[in-house]
Amino acid sequence: MNKKPYYLTTAIAYTSGKPHIGNTYEIVLADAIARYKRFQGYEVRFQTGTDEHGQKIELKAEEAGISPKQFVDEVSTEIRRIWDLMNTSYDKFIRTTDGDHEEQVRKIFQKLYDKGDIYKGHYEGMYCTPCESFFTSSQLVDGKCPDCGRECQPAKEEAYFLKLSKYQDRLMKHIQDHPEFIQPESRKNEMVNNFLKPGLQDLCVSRTSFQWGIPVDFDPGHIVYVWLDALSNYITGLGYDAEGGHGELYEKFWPADLHLIGKDIIRFHTIYWPIILMALDVPLPKQVFGHPWLLQGDGKMSKSKGNVLYADELVECFGVDAVRYFVLHEMPFDNDGVITWELMVERMNSDLANTLGNLVNRTISMSNKYFGGVVEDKGITDTMDADLKAAAEAAPGRVTEKMEQLRVADAITEIFVLFKRCNKYIDETEPWVLAKDEAKKDRLATVLYNLMEGIRIGAILLESFMPETSQKILAQIQAEACDLAELGSFGAYASGTKVVEKPEILFARLDVEEVMKAVQARAASRNDAGESGAEEPEEEGIDIEAKPEITFDDFMKMQFQVGEIIACEEVPKSKKLLCSRVKIGSEVKQIVSGIKKYYSPEDMVGKKVMVLVNLKPAKLAGVLSEGMLLCAEDADGNLALMIPDKAMPAGAGIS
């Protein structure tokens, strides 16, 4: 019987450095979905990988004194090590420096150019050499660069552009006809209302200011810009051929069933990527899911505080499956989640050690103590058995329902509902009391059988989320793993099975104070070794030129609120500017800020910031800005965003 294909991808990780636990969450989430689809009987193709071209890579390699290829080789290897450490079952790890990928990107660019969907144009205007940016005359301030204040000269720069506007109406119709295409619903509304309805501008798809990338065959001075290169991995990794000689995997698995990505890159995957595919006459993916972010507890990272969380450090303390459990269970469907060492210890002790570990351990121990490890169904039932059986038989359907909606955290909760019901059943039946009465020995045997069957069903369902733990439990109760169709109804556990003599402790309870001491010691060790992230010596205060006094009424004219940055990108025509989408209450404002030197777009997303809301809108580098992000500036001109030191909702007033 042929299995139904299912193709799942993550975003490919940018090779700028080691991924932290927030980056790692995505691959674990994708792995849980892929494993569950296999459990359901699908033939799954699960692809991940690394995005390795671009100016940032070129600069980082130069700083490290090595070639860009050597730099990305090292970082890509580290990313793959983390993915493997987390026991993720990907089928393909693609790199955008792979020869077959680069070949197809060149062909794709050529095909779109030949079709007329990519055209050569230019930026024209006043050019600021230090900023490497073009401006129109109206954008200049007193005839000088609006970013740095220096003199500008008339100049022109070539670039290739993709005709996004040509496909705008077709994409809008596709989104309307396929309500499941962009999920969650809030992401779809953002794309339609903030980008499609106002109208799309054609997309720059080549660069000439750096060399580390895929050259345009017919115009070698141009490098294929990152998004056309990176997004194409989803089809090149299957053997797509722009000339029509597609591979077997492409024919079987495309269109993708699911692109799983972070919410900050939803626009690139739901606007740019679909239009690229439309221009190539390639079917669109069935669904793009923009997951929320996993954030640090206080929103700030500091190695000296010990709160920069990496997967390998968490695994060293808690184990792989405990980390998988936490990142999957603690992430809401449509809101950011929070991770701290303290929360990890709490979940380890309450959910994993108490609810699950203790259940398995004492059930096996009682079977050994009372029946020499032999588990038999003697058929001596009681009214209290019905609830346990109902919970066990309902669990597979409930878990599957949640997984079909990509509500992975809720799916895990359903499994632990079953484990909690098993624990309650122990309290209800009191096996230790039954054991004192020889006449109730068969009832005791039936109780332990029912418990073992509940554990078996829960352990099999758990495999997609905590694969090693699932295998350990099944091995201890001498049960076989199976897929959903083979799971069977309550009572499939073979009567007469002999469990292991000595159960393994699945999860040991931890002392939060001891864990935090170890975290602090690790941070101190790093600082002693001279690693980056050590606390800087206290600096003296600085004085700045005083401005004229204002009245209280002057101050009250300014409206300050907390904003949450939900999306951010570089402004193409500026070396200094970032364009952020900032949520302020129920409103989203577009704000342009000259902070590109200090923050990357990836750094910005998820931050809570201080916003001057009622600043008169103005255009910077041709982009409308509807407010101001407030920053502190030191004596050297370095900037730092002003952020609340406690969790505050977007829209909170500042006074």
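Glu158 is partly exposed, with a relative accessible area of 40%, where partly exposed covers the range between buried (under 20% relative accessible area) and exposed (over 50%), computed with a 1.4 Å probe on protein chains only. The model is predicted, so local features need pLDDT of at least 70 and side-chain atom pairs count only at pLDDT 80 or more, while totals for chains, interfaces and linings use all residues. Residues are numbered from 1 along each chain as its sequence is written, and side-chain values use heavy atoms, with hydrogens and water left out.

**Salt bridges**

- Across the whole structure, a search finds 39 salt bridges, each being a side-chain nitrogen of Lys or Arg within 4 Å of a carboxyl oxygen of Asp or Glu.
- A network of salt bridges links Lys18, Glu78, Arg81 and Asp312.

**Aromatic pairs**

- The count comes to 21 aromatic pairs, where rings of Phe, Tyr and Trp (its six-membered ring) pair if their centres lie within 6.5 Å, with planes under 30 degrees apart counted as stacked, over 60 as edge-to-face and the rest as tilted.
- Phe109 and Tyr160 form an edge-to-face pair, at 5.7 Å centre to centre and with 85° between the planes; Phe109 belongs to helix α4 (residues 99-115) and Tyr160 to strand β7 (residues 153-162), 51 residues apart.
- Phe109 is buried at a relative accessible area of 2%, and Tyr160 also counts as buried, at 2%.
- The rings of Tyr119 and Phe161 have centres 5.7 Å apart and planes at 20°, so this pair is stacked; Tyr119 lies in strand β5 (residues 118-128) and Phe161 in strand β7, so parts that are 42 residues apart in sequence are tied together.
- Tyr119 is partly exposed at 29% relative accessible area, whereas Phe161 is buried at 10%.
- Ring pairs also link Tyr7, Tyr234, Phe253, Trp254 and Trp273 into a cluster.

Key:
Helix = DSSP H or I, 4+ residues; strand = E, 2+ residues; numbered from the N terminus.
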